[in-house]
Structures are given as structure tokens and as C-alpha cells.
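Open the model in your viewer and keep the selection panel at hand. We go stop by stop.

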Amino acid sequence: MSGSLIVDNIGELVTNGTGEGPLGIRRNAAVLVEEGRVVWVGPSPYAPAADHHVDAGGAAVLPGFVDSHAHLVFAGDRAAEFAARMAGQPYTGGGIRTTVGATRAATDDELRATVRRLRGEALRQGTTTMEIKSGYGLTVADEARSLRIAAETSTETTFLGAHVVPAEYADRPDDYVGLVCGPMLAAAAPYAKWIDVFCEQGAFDVDHARAILACGQAVGLGVRLHANQLGPGPGVQLGVELGAASVDHCTYLSDADIDALASSRIDCMCHEGRHTTTVATLLPGAEFSTRSPYPDARRLLDAGVTVALATDCNPGSSYTSSMPFCVALAVREMRMTPAEAVWAATAGGARALRRDDIGVLTPGARADLVVLDAPSHLHLAYRPGVPLIRQVIRNGVPQ
Ligand SMILES: [Zn+2]
């Protein structure tokens with residue numbers, strides 16, 4: 001779409017910048033977009049003329065959701081495993097190997113179709129940025145092609161060769177770590193921005209995780225971690241030690257883990273002024289789908305830790321692409337306020353990806369806007385399961 005775009009008659013505009021309350025809310029507002037960027041935010045009656053016009057009709061407008069944690073490159077589904085779990089079987093993480101088998105057997109086009117289907121599904125639910133991980137190939141060729149396919153859809157791509165030790169390396173995990181740090185990283189790095197490790201009992205221990213993440217850092221990849229999901233462990237503190245952008249899950253945290261995260265606070269030029277370098281990304285879809293205890297979001301927030309929300313979209317432990325669902329879970333199950341949850345799903349996700357051009361609607365930001373079929377952001381939690389996304393504008397283009 002060429003030319004400028006004005007979105008006016010916005011009853012409640014969430015800017016995550018200056019304005020009322022933690023969401024920087026403006027009433028009866030308008031947003032002017034040029035060349036994919038927000039160039040002006042102000043009162044609707046003063047909205048400048050533009051080539052294209054969207055009338056929000058008094059509804060709420062939010063920054064597009066930033067889903068900073070998703071596993072979209074896979075084949076097969078694990079509905080039967082979900083049903084068994086709901087019938088009482090515990091979740092162990094071992095089902096990842098089932099998806100690995102299906103993913104290796106799939107063609108590029110099959111994997112590509114799944115990524116596009118899920119990315120489209122998320123976009124219709126308001127997600128304008130979505131991180132995509134590899135991690136179901138676990139061979140040099142399959143990890144590289146997973147990331148090549150992911151990079152067709154997102155610039156936020158993450159190499160997760162250390163998702164689980166594949167069956168063929170079960171009795172020699174050191175050799176697998178050598179493969180991940182050597183030829184697999186070399187093949188994956190051209191398509192990846194981030195490196196991630198599942199640091200958990202039954203996956204990778206802290207020494208292996210540190211070695212793998214250091215190799216990724218050495219070739220310029222940013223660090224993120226799956227940590228403290230299934231039990232207490234050293235993953236969160238390792239993430240802080242390595243300056244990770246985010247530690248994800250954070251379901252089982254000790255006081256020392258919280259202190260470590262809180263101590264990563266820095267002064268910043270951004271709107272907030274001060275925030276933590278390492279974000280705690282909470283993935284309540286995983287706790288929902290594995291019927292597990294939810295992370296203690298209040299403890300993190302009260303300690304001053306920056307919190308993000310993401311879907312963890314994957315076929316085993318959280319097969320949802322819906323950020324509104326995660327917002328509703330965060331409010332209902334994790335005692336976040338609606339404002340905290342909406343911030344975490346937008347600006348928080350951006351922080352977890354070290355991005356300052358998304359998750360906000362202030363001049364200079366990417367023009368990613370979501371028009372709700374509701375007068376307020378509160379409805380995202382107040383009306384769970386309802387399709388409240390009326391329109392999505394991504395990069396200044398109505399979808
Ligand atoms: Zn995950």
C-alpha cells in the first residue's frame with residue numbers, strides 16, 4: 001500500500017509510551033502512518049488528512065502483539081498425548097522426540113505450509129511479530145532447513161539444536177553437544193539471530209547449556225534460554241550470567257533466581273527509564289496444556305523484573321498461537337493486572353527480543369496496530385475465547 005494512512009476515532013489508544021497509566025493510554029486519539037512507521041499520535045479531532053483512512057469507531061487500538069517464543073517448524077501433531085495427559089499422565093518433555101521423527105520425515109513444503117498456516121493464524125489474532133525456533137530437526141541438515149524456512153517468515157529466528165538430545169545420541173550426550181557447537185551451529189547461524197537451549201533435567205545440564213550458548217555468542221547470536229520449567233534449576237541464573245535477552249518459562253524460581261533477574265536492572269534511555277536486561281518470559285499456555293502450576297508473576301513484577309508473555313506455540317505442550325488467550329490466562333491464573341498482561345504481551349515481548357521499534361505506538365515505531373472489537377484492552381481478559389481482533393495493520397498495511 002502506498003501513501004499515508006490515518007487511523008482515527010480511537011476510543012482508547014494503548015501507546016506503551018506517554019499517556020495515562022502504565023499503558024500510556026490516550027482517549028479519542030488518532031495515529032498517522034507513513035511508509036510503515038507511526039509519524040504522529042494525537043487527538044482525533046486534529047488528525048491530519050491522509051491517503052487512506054481507517055475509522056476505529058470508538059474502539060480500542062493496541063500495538064500488535066509480540067510473541068517472542070514459538071516453535072512453528074514441525075510436522076505431525078500430538079493430540080493423543082494431550083488427551084492422555086488430561087487423563088492423568090504426567091508431562092515429561094520426552095514427547096519432543098515424537099515430533100522430531102515426524103519433522104525429519106517431512107518435506108520442505110510440508111514444513112513451510114505449517115509455518116505459514118500458524119503464522120497466519122497468529123496474525124489474525126493480532127500477532128504482528130513472532131519469533132520462530134528450530135529444534136525438531138536435531139541433525140545438521142534438518143536444523144539448517146528448519147531455520148531457512150523460519151527465516152522466510154520472520155527475522156526473529158532462533159537456533160534450538162539443543163532442544164533435547166536425539167535418540168541416536170542418548171548414551172553420548174557430550175558428542176551431541178559437540179555436534180551442536182560445531183557443524184550444526186555453522187549450518188544454522190546464517191539463518192538465525194538467536195541461540196536457545198532447553199536447560200532442564202532430562203534435556204541439557206548447566207555445563208552443556210553454558211558451552212552451547214557461549215559458542216552461539218562467539219558467532220554473534222543473541223542468547224535466550226528455556227529454564228526452570230519443570231523444576232528448580234540453574235538455568236535462570238545462567239541466563240543472567242550470560243546477559244541473555246530472556247529466560248523463558250520461569251515456573252520454578254528460588255529467591256536467588258529472582259534476585260539475579262532483578263539485579264540485571266539497568267538505566268535506559270527508553271520510556272520506562274529503568275528495566276532488567278534479562279526479561280522473564282512467561283508461557284502460561286504451557287502450564288494450561290500440561291495442567292501444571294503457573295509461574296508466580298506477582299513475585300517477579302513486585303521485584304521489578306521485566307515480564308513478557310508469549311505463546312510457546314508448539315505441538316506438544318502448548319498448541320495455541322493466541323496471545324489474547326495468554327493475556328487472559330495471565331490475568332486469571334497468574335494475578336497480573338490486565339494492564340500488566342497487555343504490556344507484557346506487547347512491549348514486554350519487544351524487550352525480550354531487544355527491539356524498541358515494536359510493542360509501542362509512538363512516533364518512529366513500526367506501524368503495527370490492532371483494532372479491537374471492544375472499547376478497552378480490559379476486554380482481552382474480561383471476554384476470554386472471543387474473537388476480539390477486528391483489524392490488524394502490519395508495517396502500515398491493513399491485513
Ligand atoms: Zn518453548
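Start by selecting Asp108, Leu111, Arg112 and Val115 in α3; these meet Arg145, Arg148 and Ile149 in α4. Contact means heavy atoms within 4.5 Å. The residues of this contact divide into 3 nonpolar, no polar and 4 charged. Here Ala, Val, Leu, Ile, Met, Phe, Trp, Tyr, Cys and Pro count as nonpolar, Asp, Glu, Lys and Arg as charged, and the others, Gly among them, as polar.

A word on the model: it is predicted, local features need pLDDT of at least 70, side-chain atom pairs count only at pLDDT 80 or more, and totals for chains, interfaces and linings use all residues. Residues are numbered from 1 along each chain as its sequence is written, and side-chain values use heavy atoms, without hydrogens and water.

Next, show helix α4 (residues 140-151) and helix α5 (residues 173-188). Helices are DSSP runs (H or I, at least four residues), as are strands (E, at least two), numbered from the N terminus. The α4 and α5 axes lie 8 Å apart, at an angle of about 40°. Axes are lines fitted to C-alpha atoms, for helices over the stretch in contact, and angles run from 0 to 180 degrees between N-to-C directions.

Now select Val140, Glu143, Ala144 and Leu147 in α4; they meet Leu179, Pro183, Met184, Ala187 and Ala188 in α5. That contact divides into 8 nonpolar, no polar and 1 charged.

Last stop: the zinc ion. His69 (NE2), His71 (NE2), His226 (NE2) and Asp312 (OD) coordinate the zinc ion at 2.0 to 2.3 Å. His71 sits in the loop between β6 (65-67) and α1 (79-86), and Asp312 in the loop between β16 (307-309) and α11 (323-334), so the pair ties together parts 241 residues apart in sequence.

Technical notes. Donors are N, O and S atoms within 2.8 Å of the metal (3.2 Å for Na, K and Ca); water is not among the atoms, so sites may look incomplete.
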